[in-house]
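Biologist: I would like to learn how to read a structure of this kind. Could you take me through it feature by feature?

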Amino acid sequence: SSWISWFLGIKGNEYLCRVPIDYIQETFNQMGLEFFTETLQVILNPGFDSSLDWVFGDEEKWYGMIHARYIMSERGVDNMHQKYERGDFEVCPKLSCRQKALPVGPRDVWVKSNVKIFCPRCNDTQPHQRH
């Protein structure tokens, strides 16, 4: 399996969607994102073996940054909408509501804030409950 499949399978990453390989490889989409060539090689390797110690450590951060760009694109919005419609995200924690909710990142700085969920019915943001 690939690094992306492995990474998306980790508990806590259920809010992320699969960024297509062609989107990742497009140099325009990589513009301004600092990374080592080896980082991108690990992410794009179709035969990733998580038992080996050849991960460089920047893969999660870089995938998070390209993911943030992707979900703002037309394809990414469609992908996130499909996840929302399937109920892949949490529901509003208010017992009187239980509406499907959306994940939101209150800040765009890496590791500076936790993901929250937004309820479109309550028009409110809450901490997510899965962890």
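Modeller: What follows covers the sheet, the core, one tyrosine and the cysteines. Keep in mind that this is a predicted model.

Biologist: Start with the sheet. What is the order of the strands, and how are they paired?

Modeller: A sheet is read by strand order and pairing direction. Here the sheet is open, with 3 strands in the order E1-E2-E3 and antiparallel pairing. Strand E1 (102-104) and strand E3 (124-127) are at the edges with a single partner strand each, so one side of each has no neighbour in the sheet. On average, neighbouring strands of this sheet are turned by 40° against each other, direction ignored.

Biologist: How many bridges join E2 to E3?

Modeller: Strand E2 (residues 116-119) is joined to E3 by 4 bridges, and the two run antiparallel.

Biologist: Now the core. Which residues have the most contacts inside the largest nonpolar core?

Modeller: A core is read by its members and by the elements that supply them. The largest nonpolar core here has 24 residues, and Trp3, Ile4, Ile24, Ile43, Trp62 and Tyr63 have the most contacts inside it. At least two residues of this core come from each of helix H1 (3-8), helix H2 (21-25), helix H4 (37-44), helix H5 (59-70) and helix H6 (74-86). Domain 1 (1-88) and domain 2 (89-130) both give residues to the core, so it lies between them.

Biologist: What does Trp62 touch, leaving out residues up to four places away in sequence?

Modeller: With those left out, Trp62 touches Ile24, Gln30, Leu33, Glu34, Phe35, Thr39, Leu40 and Ile43.

Biologist: And Tyr70: buried or exposed?

Modeller: Tyr70 is found in helix H5 and counts as buried, at 3% relative accessibility. Not counting residues up to four places away in sequence, its contacts include Cys17, Arg18, Val19, Pro20 and Tyr23.

Biologist: How many disulfides does the structure hold?

Modeller: The structure holds 0 disulfides. Cys122 is in none, and the nearest cysteine sulfur, that of Cys97, is 3.5 Å away. The cut-off for a disulfide is sulfur atoms within 2.5 Å.

Biologist: How accessible are Cys17 and Cys122?

Modeller: Cys17 is buried, with a relative accessible area of 2%. Cys122 is partly exposed, with a relative accessible area of 27%.

Conventions:
Residues are numbered from 1 along each chain as its sequence is written. This is a predicted model: local features need pLDDT of at least 70, side-chain atom pairs count only at pLDDT 80 or more; totals for chains, interfaces and linings use all residues. Side-chain values use heavy atoms; hydrogens and water are left out. Two strands pair if DSSP finds at least two bridges between them. Axes are lines fitted to C-alpha atoms, for helices over the stretch in contact, and angles run from 0 to 180 degrees between N-to-C directions. A nonpolar core is a set of buried Ala, Val, Leu, Ile, Met, Phe, Trp, Tyr and Cys residues joined through side-chain atoms within 4.5 Å. Buried means under 20% relative accessible area, exposed over 50%, partly exposed in between (1.4 Å probe, protein chains only). Domain bounds come from an automatic or database domain assignment. Contact means heavy atoms within 4.5 Å.
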